[in-house]
Structure formats: structure tokens, C-alpha cells
2 protein chains.
Amino acid sequence: MVTTPPPANDPRDVVQAKRDGLELDPDALRAFILGYGRAEIPDYLAAAFLMAAFIRGLSTAETSAMTAAMVESGSTLPFAGVTRPKVDKHSTGGVSDGVSLVFAPLAASLGLAVAKLSGRGLGHTGGTLDKLESIPGFRVALGPPELEAQVERVGCAIAGQTPDIVPADGALYALRDATATVASIPLIAASVMSKKLAVGSDLILLDVKAGSGAFMKTPPAAAELASMCVGLATANDRRAVAAVTDMSQPLGSAVGNALDVAETVDVLAGRERGRLRDLAVLFAARALTELTADDPLTARERAERALDDGSALQRFAAMVEAQGGDPRVADDPWSVLERAPVIRPIRAPADGFVGAVDAEAIGRAGVGLGAGRVTKADPVDHAVGIVIRAKIGDRVSSDEPIGEVHARTIDAADLAASRVVAAIDLSDTSHPPPLLVHGWFEPTPPA
Amino acid sequence: MVTTPPPANDPRDVVQAKRDGLELDPDALRAFILGYGRAEIPDYLAAAFLMAAFIRGLSTAETSAMTAAMVESGSTLPFAGVTRPKVDKHSTGGVSDGVSLVFAPLAASLGLAVAKLSGRGLGHTGGTLDKLESIPGFRVALGPPELEAQVERVGCAIAGQTPDIVPADGALYALRDATATVASIPLIAASVMSKKLAVGSDLILLDVKAGSGAFMKTPPAAAELASMCVGLATANDRRAVAAVTDMSQPLGSAVGNALDVAETVDVLAGRERGRLRDLAVLFAARALTELTADDPLTARERAERALDDGSALQRFAAMVEAQGGDPRVADDPWSVLERAPVIRPIRAPADGFVGAVDAEAIGRAGVGLGAGRVTKADPVDHAVGIVIRAKIGDRVSSDEPIGEVHARTIDAADLAASRVVAAIDLSDTSHPPPLLVHGWFEPTPPA
């Protein structure tokens, strides 16, 4: 019935204060996070903290202290040797969300530098590294000197996160996944921003997805996360700008890995128009207005032109070549990418207007084919996936092809096609397409 | 940003539901507790559950399911071979709280059977086992057959809890202590009642202490715990009655181990009057009215008489002898108990009326002498301790002896004496003694 009297600086004091909804002392919170990063604080005590933080919330000051401590838990990559303006971009994850793959070479072609550390796919969302590895020979494991040299020379590089960057985040994320404490906006914000703050950049662009295919299901929830992330950058003397963008349907048309790379090339070559291109252009233009003297109209025209004149595609080829991949992927993707043995059309089941496209269900159909992971240890099949061209507001006719399934077997293809058809709502009346961008969040100017 | 989709019957579902304040399915909660008891559920997931349960609370149905699962996690002691009416008694822990030591032989002398599994002291509260072990030779490790045979023959036995009884409680208690989740009334109630329900009895008497020397600092908080414990018994088809009793000052006068045994003998021999005797009599009388045809007045007279005619003391001597101790302790305690080398009087610092006696501070002064434990691994010095006879409402004169310190060294004695004096408030006006019993809680009769 009695507890052992705690020693001075007992880490349980932090847990108890958060349990009781008190504001934590920043130094005590910092010591707790660094202690966990050094494995001096056991998982069970950190789990109790995470649950208390999930239920009671974390203030902006607490989230900022936690984020800074997570950065402090490992090494950083300042990229001090990169002379061009440096922009980092991060998406909270969606379905057919190939913006980063387009953005990096596009921004590079516009004179900016992009050193992007990416993750792998998990659940219904894809991962940039998995997509790039569908290009034969492509290496995502670049050491810091190699990464920095490539960025300075080519303008962009996309590499895997290394465990020495923000190690506390990796440990905390795994613990959150194991203890039902993932879906907390302050904990998500700390996780996202610690990884961005550990890497040198002049501007952090955040794409916070909202909708059925995103982690944040509604624009207000996404706005809360976006606003908190921007504030965390400001509190750490960095500049971040965030957009809340639509994930109520897949952004592009490809859900897979090789299929995503092929779509990236189509956008970079100016062949594919639509929402994926539009969003990549918006981010590139925003980076130009933030980091150069360009006005918004000029910035946008420059970004559009870089896609149409082949200069962005050329940067992509140079990046692929620098990272060991076959650069012919930029000219003729399917000459180097693996094609799935079974390709079956997806057909509209009736006449009508597309009213909804369940992005998460389509992402899960892609995972079912082998294009994604259920657990971190699962392998990814680069060749398989889904192409779905129907977008909200489109009119379709019965039996009209609206996409394709790329699969290993006919049975798998039929199953995935039926899941995609089930994920699309058709109605008799026309629906307007959803907004592409719900809003932008930028730092509050000092009063 | 996404979590792994949980498998069916994922134990995280229980944690997530409690996190969100939902009512848990009893079967799912049972599986969670049993899984933790079998070490299939890791500490970190149980820690997240405990924190969620601490903050969100547990309903009566949830607490009942948790308690039953804790009982199910180990073996039970039905004591089916004991023919006399069986009563179990438990105190939530206090300072100079020797009721159990008096109650067991007293009830036995009245024809009832008491098979009591006790714990050790921790923090500022003493433990029945530690006290008994100050009697040379006394064995607290009794196997179930020996325990049952002694209860049938002598009428009472007091033994140590064994790890095969309610193992989930031991594991959960250690985890609560490590994660700042001890002070939750449903979790405390489940811990207390699981140990009582695992042992066969016809009546469970609970002494829930309230005040400065108790875990529950106020009568309302103690009442909530008492009421919940009684309900947990009812939900498991058992009968419990609880009293909320005063712990705003030490109950008896001895704080130690040998000193407590000596006081127990004084009460059992009818020599010591006062609050410790009064409370033991109240519990014994209550057991008689519950388990025999005695009316309350008769029951109380019988209990008083058993103390005054030596029959309760004789049962104590028989119990000590049955458990290997020297029965002469019942006739002349200090002929067998170890005396501390230094005994110093505690003197009133001024004239006045005793207004408050900080029981926790006096308990901690006893721990400082070596009479108790700071951590579970600490040894206990049986000889040392404090005798403090001043009670709230008493009038004292400056320099009047109000107790003694029994210590290993003069320095230790002086320090303890000064701590005891500091724990006593004297005032110019008289204070009434606090109530001994704040209230009784018994099962609600069926509607």
C-alpha cells in the first residue's frame, strides 16, 4: 500500500506530473528523453509517460523541449558545405503520394539544394525509399560526406535515415506503436520535426495530408498538426511552412513502387498533368519565393517550365546515376523497371459520376498485392501495384477501363480489382473535385 | 506515421479502449491480465494500460473482472478442511497498527478460525510478519497443509504470502510502483481484494485506514476504497465488511517490531486499554455477529471478556508455539524479545494539549532507526523502535515523559526523539480525540 520514497531526480516525477496534467519542467523532460535514448530509462516507464502524454496532451513548450531533446539524442547533418539554398520537404504520408520524388529533382533544377532523408512504407502508405529501390542498382545508403557531395554537385539526393540521427525517435516510435499511443498530435509533431531539425536546411516544407488515405482524417486535425510543426521549427530558430493538402482520394494514379517511379518520370517529363504535378509545382514555387527573390507568379512559371522543358527530368536522371541506378529509367522507365507478369484492367461497374475514392482501401489493396508492408520486416514486391485514374468528379461509363492491376497471379489481380471497384462510389449527380490545398501555415511574425 | 494493423485479439485493443475512456469487455480484460501474469504481455504494454486506467478510472465491472483474473492467475487456498467459521482480516496499513496481531488470537479464542496471509512492512508502515519474526524461532513460511492443520487445531495462524497466490498482483504492484500508478483506488482495491478472494473465508473484514499515517489521507477517499472492496467481494459471491478507521495519529503506542509484540501481549493480557484494544474488540465483535447468532452487545462483551480472562492470550501463546516461537513471550515478552541497547525517554517540550500527532513522520522516524524498510531488500532491526503514548486530546506538562526511543546508538536515539517531538503539535486549547471509526461499509442487500 505504500511506495518506495523516490530518490532525487526520480524520472517517475516526470511521469507523475504528466499523469496529473501538470506542466513539465523543460529540463526534467529533456533529461527523461535523453535518458530513454541512452536506454537508462526502461521501456515501461517511457510507456507510462507516453500514455499520460497521449491522454493529458503536451503544451507547445513541452513538445518543443521534447523535440529538441530528441534531436540532441543523436548526431546531426548540418550540410554546411552545400552552397545553394537548402530546402527539405516532408509528407506525413498518403496514397499515390509521389510529391517528394518529383519535388527533389524539380527544386534542384531550379537552383535549390534538396538533401532528403526518407523512410520506408508501412501500412497503407508507400515509402519513397521502396519506390526508388525499384530502379535496379539504386543505392539509398549514402554516408554523410557522399550525401553532401552529391547534393552540392547534382542538387538533390534521397537517402535512408540512419540510426544515429534522432535515435530517441526510432525507439519512441516503436514503443508508441506497441502501446497504442501513436495517434497523438504533439507526439507526431515531435517525431516529424525532430528528424527535420536534425538536418541542416534553410526551409522546411511540410505536406500534412488530410482525408481517408491519411493519418489525419480531417483538415482541422491536420491543421492542428501543421500549426504545431511550424511552431516547433520557430521555437528552434528554424523556418518551416506547412500545407494541409487533400488525401480524400489517391493524389496521383500509381499505387506501388515501379509504377510510382514510372508516374514520377511521366510528371517530370511534362507528360502527366493533374493533381500530383500541381502539388509538386506549388511546393517548388513556395520554396522559390521563400529562398530566392522570385515573386509567386514568376516562381510558379519557372516550376512549370522546368517540368515542360526537361530540366527537372534531367536532374532526376543525374540523381539516379549518382546513386548507382540505371539513368535510362528517365527516358524509358519500363526498359529498366520490372513489370508484373499479370496486368488486368479495372473497369467501371456502372455509368455515373465518381463521388468518393477510398484512398486507404486502395492503399490496402496495394499492400495485399505485395506492394507494401504489414510489418516492418516484410519484403516489398517492386513490380506489383495499382493504377487508378478515376478521380472525384469524373464521369465514367459502365465497363470503361479506369485503371489496371499489376499482380503476380490472376487470382491476386482479380481480388485487388474487386477491392478497388468496391472503394469507388458512383452516383448519379456530379461532385466537385475536392480542394487540392486546404490551407498554408507559416510562422507567426514576431509581435 | 502509420501503425501496423493489429492482429485479431491484439492486447493493444484493451489499452486503446481504456486510453479512450471506453468500457472494457470483461473477457478481453481477463485475457490481458492473465497474459501479463504469464509474461506473454510485456511490461511496457501493461504500464501503458496502468497509466490509462489510472487517469480514466475503472468501472466496478472492470475492477471486478480484473480482480477475478488476478485470482485466476495463480493457485488458491480454499481451507475446505477448516470446520469453524472462517474470518479473514486485512488492514490497508498504518502506524502502530497492531490490530491483526491482536485480532487473530482473539477471534480464535471466540471459536472462529483465522488463517491470515500477511505481508512485510514497506515505507513508514509496519508489517505483521516482521513483527512476529522478532519472536525467536517464529516461522512465517508455512505450507498450505500445515497452515490449514494449525488453523483447525489452534484456531489461528499468520503466515507469509507465497508467490503462487495471485502472482499477477505481485507483478502488477511492482510495475505500478515503477510507473507512478500506485495511487489509484480501483487498482488498489483489485490488489487488496485479489489476495483476500484467493483464500477461503466466510467473512472478510477490511480495515481501511484514513489520515496522515495512511495511504488514504482523508475519510472520503478511504470510504471510496472501502466501498469498492466490499462490492468486489459481492461481485465474486463473497461477503466483506469494511470499516474506515482513524490513522490521523498512531493507533497504539509501539512503532517497531519487538515493541509491537510486547504491546500486543499487553493488549491480549487485558493490561493495555485504549484505541488499539477498542478497535480489535470492534472487529472481533463484528465477526461474531456476522458468523454466529450473537447480537452486537453480547458479541462485544464476549470479545472484551476474552481479553480480560486470558483466553485470547492463551491462543496467542499456542499460535507462537505451533509456529516454532518461544511461547514464554506471552507471559514475559522481554524474557525472549531482544531489547535495544539504548533506551531514551521522549519528553514533552512544553505544557499544553496534544493537537496533532503526525503518524507518518513518527513511522518514518522508526524507519530511520532501522525498524522498517526503505526498499524491499532492506533488513529490519527487530529491537529498535519508538513508544509514543501521547494521543490527541491529552494534556501534557513540560519535560513529562511521553514515550521512549529504543535505538542502537545514543545519536540515533536523540535524532529519533527530536523527530517524534517535532511530529507532535501542542496547543493551549483542548482538542477532542478523533473518531476511532468513521463508518462501516457492508454489502448492499439485493433490491
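The model is predicted, so local features need pLDDT of at least 70 and side-chain atom pairs count only at pLDDT 80 or more, whereas totals for chains, interfaces and linings use all residues. Residues are numbered from 1 along each chain as its sequence is written, chains are lettered from A in the order in which they are written, and side-chain values use heavy atoms, with hydrogens and water left out.

**View 1. The contact between chain A and chain B.** Chain A gives 40 residues to the contact, and chain B gives 40 residues. Contact here means heavy atoms within 4.5 Å. The size of an interface is often given as the accessible area lost when the parts come together. Between chain A and chain B the buried area is about 3500 Å². Carbon and sulfur atoms give 69% of that area. Buried area is the accessible area (1.4 Å probe) lost by two parts on being put together, summed over both.

View 2. Between chain A and chain B, 2 salt bridges are found. A salt bridge needs a side-chain nitrogen of Lys or Arg within 4 Å of a carboxyl oxygen of Asp or Glu. Arg12(A) and Asp177(B) meet in a salt bridge, with N to O at 3.5 Å.

**View 3. The side of chain A that touches chain B.** Helices α1 (12–19), α3 (43–56), α8 (167–178) and α9 (185–197) of chain A each supply at least two residues of this side. Helices (H or I, at least four residues) and strands (E, at least two) are DSSP runs, numbered from the N terminus. The largest share, 10 residues, comes from α3(A). By class, this side of chain A has 23 nonpolar, 10 polar and 7 charged residues. Ala, Val, Leu, Ile, Met, Phe, Trp, Tyr, Cys and Pro count as nonpolar, Asp, Glu, Lys and Arg as charged, and the others, Gly among them, as polar.

**View 4. Phe49 in the largest nonpolar core.** This core has 142 residues, and Phe49(A) and Phe49(B) touch the most other members. A nonpolar core is a set of buried Ala, Val, Leu, Ile, Met, Phe, Trp, Tyr and Cys residues joined through side-chain atoms within 4.5 Å. Buried means under 20% relative accessible area, exposed over 50%, and partly exposed in between (1.4 Å probe, protein chains only). Leaving out residues up to four places away in sequence, Phe49(B) touches Val14(B), Val15(B), Lys18(B), Leu24(B), Leu29(B), Phe32(B), Leu58(B) and Met66(B).

View 5. Glu290(A) and Arg286(A) form a salt bridge, their closest N and O atoms being 3.1 Å apart. The two residues are 4 apart in α12 (275–291), so about one helical turn separates them. Glu290(A) is partly exposed at 23% relative accessible area. Arg286(A) is buried at 16%.

**View 6. Salt bridges between distant parts of a chain.** Arg408(A) pairs with Asp381(A) in a salt bridge, with the closest N and O atoms 2.7 Å apart. Arg408(A) sits in the loop between β11 (401–407) and α17 (410–422), and Asp381(A) in the loop between α16 (359–369) and β9 (385–388), 27 residues apart. Arg408(A) is partly exposed at 37%, whereas Asp381(A) is buried at 17%. In chain B, Asp308(B) and Arg277(B) form a salt bridge, with the closest N and O atoms 3.0 Å apart. This pair links α13 (296–308) to α12 (275–291) of chain B across 31 residues. Asp308(B) is partly exposed at 41%, but Arg277(B) is buried at 2%.

**View 7. His90(B) in strand β1.** Strand β1 (87–91) of chain B holds His90(B). His90(B) is buried, at 15% relative accessible area. Among the residues that His90(B) touches are Lys116(B), Val192(B) and Asp207(B).

**View 8. A positive phi at Ala39(A).** Phi of Ala39(A) is near 65 degrees, a positive value in a residue other than glycine. Ala39(A) lies in the loop between α2 (26–37) and α3 of chain A. Ala39(A) is exposed, at 65% relative accessibility.
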